[in-house]
Amino acid sequence: MVEDNAPDSRTDRDAGTEAKSDGGRYLSVEEIPETAPTADLTWQERIANVVPSKRRGLKYVVAITIALLWIVPFIGLFMASIRPLSEIIGGWWHIEGMTITFENYYQAWNHSTAPMSVALRNTFIVTIPAVLVVMLLGVMAAYPFARFEFPLKTTLFFLILLIMAAPPELVAMGNYNALQRFGLFDTYMGLILIHIGWGLGWVVLFLRNYLLGIPKELEEAARIDGASRYQIFRTIILPLSTPALVSVAVIQFTWVWNAFFFPLVFMRSPELYLAPQALPLMRGRVQVEWGIIAAGSIMTMAVPVILFLLLERYYKRGMVAAVAD
Amino acid sequence: MGSFDVISHCMTSVSMKDVSKYFDGGNTVANYRLNLDVADGEFLVMLGPSGCGKTTALRLIAGLEQPSDGAIYFGDERVNSRSPSDRNVAMVFQNYALYPHLTVAENIGYPLKVRGIPPDDRDRKVEEITELLHIEDQVDKKPGALSGGQRQRVALARAIVREPSVFLLDEPLSNLDAKLRQEMRIELKRLQNELDITTIYVTHNQEEAMSMADTVVVMNQGTIQQIAPPQELYKRPRTAWVARFIGSPPMNLFQGTRHNGSIDLGEAGTVELDGVMDADEAVVETANQDDASAASVLANSAQGDVAVGIRPEDLALSATQPSSGNVIEGTVDTIEPMGEYILVNISVNDQIVNAKVSEWTVSTDERVYLTFDDDDAYLYDDNGELVG
């Protein structure tokens, strides 16, 4: 520490001992700590600092209540899926004498009328192309909307928004007839095309917003560096769009995977049924097999949840950037 | 041997002939009838306030914008319809425009990659350039992990790596702090001397312009006010607007009316016109035309509005009224001690006049007298043109 002697001793000036001459008014750089000094608090003070105020505490209570309401049905479903039917028939919340079993999962997977193994495979067959094609077509359509000037640009964009506002039930009849005529009814190709068509609208809107946020200078720099339009798209725009494309993939995947209405209308043959269609078929003849249905539901919903957890980091970045402007 | 050793510095002169640029279907005039010649290897700086069209002019040369009118030539070739890459220009943007998803090495190598240069040559070239700009330790980092100065160097490296024929810089130093700006200024100048590339540099910072330029182009409201080397620009501003723009603080202009050989500055006093005219004729030996017009002003000695310009450093300050010479009277408004000099702001006829003095001799609200030599005065007519 600096010795505090003779605060105003101007005579020391030439000696070059700054700490002495300025009487401790200035600190040398070495004295600055790396981290903030820990305050000397008693444990009572520390506890008082941590306990929230009444107002804040009330907010916590409300938030936790809503979170519980949200998750309780899921817990019920999960409990039903891992316990024998006899234990859950009186309510899943009785947890005394609980037996954990994976029998329900086994039975759902190999179900006689609607095996989940087949239903999940079918759902993948439809979902994966419906997601990948929408991503590719979507970014290719969104880029011109974000960057180029062309005739009817605003009109076309407005049209996309307009069509998005139409409920699927309204146009299902038209789609049904069209698929019949093209011979695509009750085929995966037909269903995939319907999903692509419905997905493109919001994907183009979403990606356009994201692309607008990419600085124009980057493309101008690339133009000056000698890149062609296609090279700019492939080497600059696509890599920079990764977070938005991941968001699109996650949302579109969830949407297509969980879709019930479109498969219901456009898929007729039971062996081609997708998972959401297969679940009601597991009901059983004599009594409702709640455990098996619950296990099937958990398996069905697990796929988009796992995908979301894996890609969460990118997904959040993409969402924030696309919605920010 | 890589293909790069074969390419010599293919320098190019750039010229603009009556180039105009309109936006919004003609509602906005960004540039109007620019005429400009940039010689091989010249360092030209476009200087002007924000919105004066200097960046648009640069983008026209780059090929990022098409001129609405007029022609741009690189050497003898008209390049109006050529793409930026065909023009072989390189550009450094104000915000650097580095590709955030690529590493420093990939950023610098990008222009070579899209031109199909083989990876080995590319790597060697990137290595050379990063050494030249002292960023060889940063090559594996992403731009986001670099400081402002390092980003600037990467942007420069990316621009010069393919040895462009014209090098364009759009306010490249404006995002750096003052100390770094000074360093980069020196480095840029050195780099330009070494590489000898025709360079066009846009800035609103006159210190940058004066210190680096071979030639300064002063722009205002989309058009060129003056093209001159830095010293000439300072010594002989062509218009009153340029006079007020160049210098820190800029030249003081006193509005007055001519009365048979003298200029009446209102309450502040009177300045003998003869002295100012004669003196400037002596100082600017080469300006024959101006002599002629000065003579005509003298001959045409009817009344009229003129402006007398004096630089702050040419004004002397005294508390007592001097007996002879050019004297302007005013009241001290504020005093700014700047360290190397003291800036005194004096109120003259409701106008603030700056004077740079070395000694603190006056105090606020004091009545003072400003004197100056005939040699140091400039005279502008009512069109703002320099007459003497």
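What pLDDT does chain A average, and what share of the residues score at least 70? Chain A averages 86, and 92% of the residues reach at least 70; pLDDT is the predictor's confidence in each residue, from 0 to 100. Welcome to a predicted model, in which local features need pLDDT of at least 70, side-chain atom pairs count only at pLDDT 80 or more, and totals for chains, interfaces and linings use all residues. Residues are numbered from 1 along each chain as its sequence is written, while chains are lettered from A and ligands numbered from 1 in the order in which they are written.

**View 1. Confidence along chain A.** Helices (H or I, at least four residues) and strands (E, at least two) are DSSP runs, numbered from the N terminus. Over residues 1-19 of chain A the pLDDT is below 50, and this stretch has 16 contacts beyond near neighbours in sequence. Two residues are in contact if their C-beta atoms, placed from the backbone, lie within 7 Å. Where pLDDT is low, the predicted coordinates should not be read in detail.

**View 2. Helices α9 and α12 of chain A.** The axes of α9(A) (residues 188-212) and α12(A) (residues 242-258) come within 11 Å and cross at roughly 155°; axes are lines fitted to C-alpha atoms, for helices over the stretch in contact, with angles from 0 to 180 degrees between N-to-C directions. That makes α9(A) roughly antiparallel to α12(A) (an angle over 145 degrees). Among the residues that meet here are Phe206(A) and Tyr210(A) in α9(A), with Val248(A) and Gln252(A) in α12(A). The residues of this contact divide into seven nonpolar, three polar and no charged. Ala, Val, Leu, Ile, Met, Phe, Trp, Tyr, Cys and Pro count as nonpolar, Asp, Glu, Lys and Arg as charged, and the others, Gly among them, as polar.

**View 3. Where chain A touches chain B.** The contact takes 14 residues from chain A and 16 residues from chain B. On the side of chain A, α10 (216-224) and α11 (229-240) each supply at least two residues, and the largest share, six residues, comes from α10(A). By class, this side of chain A has eight nonpolar, two polar and four charged residues.

**View 4. Confidence along chain B.** Chain B averages a pLDDT of 83. Strand β3 (residues 43-47) of chain B has the highest mean among the elements of this chain, 95.

Terms used. Parallel < 35°, antiparallel > 145°, perpendicular 65-115°, else oblique.
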